[in-house]
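Let's take a walk through this model together, one region at a time. Keep the structure open beside you as you read.

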Amino acid sequence: MYAVVGKSLTKYYKNLKALDSVTFSISAGECFGFLGANGAGKTTLMSMIYGFIMPTSGEIEVLGKKLQKSNLPEIKAKIGVVPQDNNLDPDLSVLENLLVYSRYFDIRKKDAFNRAKNLLKFVGLYEWSNANVRKLSGGMKRKLIFIRGLINDPDLLILDEPTTGLDPRSRKQIWNLIESLKHSGKTIILTTHYMEEAEKLCDKIAMMNKGKILLIDTPENLSIKFGGNLEKVYFEMTED
Amino acid sequence: MNFKRALRVWQRNATVYKKLYRSSIALNFFEPMFYFLALGIGLGGFIKEINGLTYLQFIAPGIVMSSAMYAACYECTYGTYVRMEYQKTFDAILATPILFEEVIMGELLWGTTKSLIYGTIILIVMLFFGLVNNFEVLLLLFYLIFCGLIFSSLSLIATALVPGIESFNYFYTLFLTPLFLFSGIFFPLEEMPSLLKSVFQFNPLFHLVNISRTLFYVGINGFVLYESIYLILFLLFIMPLPFLLLKRRYLL
């Protein structure tokens, strides 16, 4: 059973080719990483999985259904997205951010409140419930965006560079969150440009460069195949 | 388009407004009141009457409409632009089951709500001035919604077309200000040269002001219904445009 299947996905922005015939499949329950430098096409691909960007050509299947406009709301209801940019509501408090977001999923107020409370405890932000989000540090904002993506208890979680720009302690905390979610059976897709992160968290890694997937394998196989650490493999693969 | 999901977007804006309205309500309230008092009392001292109305009576119905117009415009230009480009609120919402056209519909309905809120506030003030002696003026609430839909749509079109937030100055100065001044709020357009007069027949605010004034002092009649037809046609013509143009701006 696959959670996501991409078949020859290609995306042009005007004349710029952002994705070049990308094919992959992600099994349910897997933690799948897309590793690549800035501009490799990772975010474009993530946006395609939740229907924000439509491919110029190719097909994408998410949670067993071919993605198209008619079933987009139904599919998106089962996805959690943690975007790269901070798009929290700056005028609302920490708790309000979660509650307003839960309404988009049509979650009942009482359920949403309980869920928000548990998620805030889960990441240690409960004491900050009524604080304005402007008051939060970068790491705390990241954590809030992270749990906002969990408010609908998604089957598929998309993490777009979840730790970029964080200090080592905050990064460690986010890693722990991802580790604990892996045991819950959710399918997790993450993008990163840190080899260490991909190696530590992912069951499978797809290396991307210039809109293409160069290879897909487990971190162990990659190490064996190339007889070294992933970083070395990465630099060899992406040489100009 | 699912209406319930569009209302979720409306609801988000309402939640934020409920928190912040104290800091913005004055702006939308005082500006029309300054016009009303300065011109109505100041200029009104020199003008005997227009079509049997004192000058204060003459301009009051138009001030109600124009404040509704500006409320929708501020919301769907600066407000929508900030949500779309700076706060990335659209990005956040589009990662949930809500679709793009539902976001735009939510914005449109929210701009319309702002028209209704501010138009109603000014209308209540006019009631306190004892300017209305007609129960049918309550029908005006329905036309404030009309006003909101029309000017929210026009503003969202501007939002889809501006290269940056500074460019809204053009929209306000070159588009809205002439609509405001040549809408028949401050003087009857009958005295204008016939060319200008026919140009401003296209001004939706002109027809809204006509309706407002009639409801204030006469009540519902054939003229109000006749003017409504123009507004319905105008609205049907422009309402699809924000959806098409914003989609082109945002998703490509």
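Where is the place of Ser93(A) in chain A? Ser93(A) sits in the loop between strand E6 (79–82) and helix H3 (94–104) of chain A. Bear in mind as you look that this is a predicted model. With a relative accessible area of 6%, Ser93(A) is buried. Beyond its neighbours within four places in sequence, Ser93(A) is in contact with Ser129(A), Asn130(A), Ala131(A), Asn132(A), Val133(A) and Lys19(B).

Asp91(A) is buried at 14% relative accessibility, whereas Arg134(A) is exposed at 54%.

Lys19(B) comes back here too, as its side chain meets that of Glu96(A) in a salt bridge of 2.8 Å, N to O. This pair crosses between chains, from helix H1 (residues 3–42) of chain B to helix H3 of chain A. Both partners are partly exposed: Lys19(B) has a relative accessible area of 35%, and Glu96(A) has 24% relative accessibility.

Within chain B, look for the salt bridge between the side chains of Glu75(B) and Lys114(B), at 2.6 Å from N to O. Glu75(B) is in helix H2 and Lys114(B) in helix H4 (residues 100–128) of chain B, so the pair ties together parts 39 residues apart in sequence. Glu75(B) is buried at 9% relative accessibility, and Lys114(B) is buried at 7%. These two are also linked with Arg83(B) and Glu107(B) in a network of salt bridges.

Next, turn to the nonpolar side chains. The largest nonpolar core has 156 residues, and Phe151(B) is among those with the most contacts inside it. Helix H2 (residues 55–86) of chain B gives the most to this core, with 16 residues. The contacts of Phe151(B), leaving aside neighbours within four places in sequence, include Met69(B), Leu176(B) and Leu208(B).

Ile229(B), Ile232(B), Leu233(B) and Leu236(B) make a nonpolar patch of about 410 Å². Ile232(B) is in helix H9 (residues 222–238) of chain B and is partly exposed, at 40% relative accessible area.

Conventions: Residues numbered from 1 in each chain as written. Chains lettered and ligands numbered in written order. Predicted model: local features only at pLDDT ≥ 70, side-chain atom pairs only at ≥ 80, totals over all residues. Heavy atoms only, no water. Core = buried A, V, L, I, M, F, W, Y, C linked by side-chain atoms within 4.5 Å. Buried < 20%, exposed > 50% of the residue type's maximum accessible area, 1.4 Å probe, protein only. Helix = DSSP H or I, 4+ residues; strand = E, 2+ residues; numbered from the N terminus. Contact = heavy atoms within 4.5 Å. Patch = residues over 30% accessible without salt bridge, like charges linked within 9 Å, V, L, I, M, F, W, Y side chains within 5 Å. Areas by Shrake-Rupley, 256 points an atom, 1.4 Å probe, with all protein chains shown as cover. Salt bridge = Lys/Arg side-chain N within 4 Å of Asp/Glu carboxyl O.
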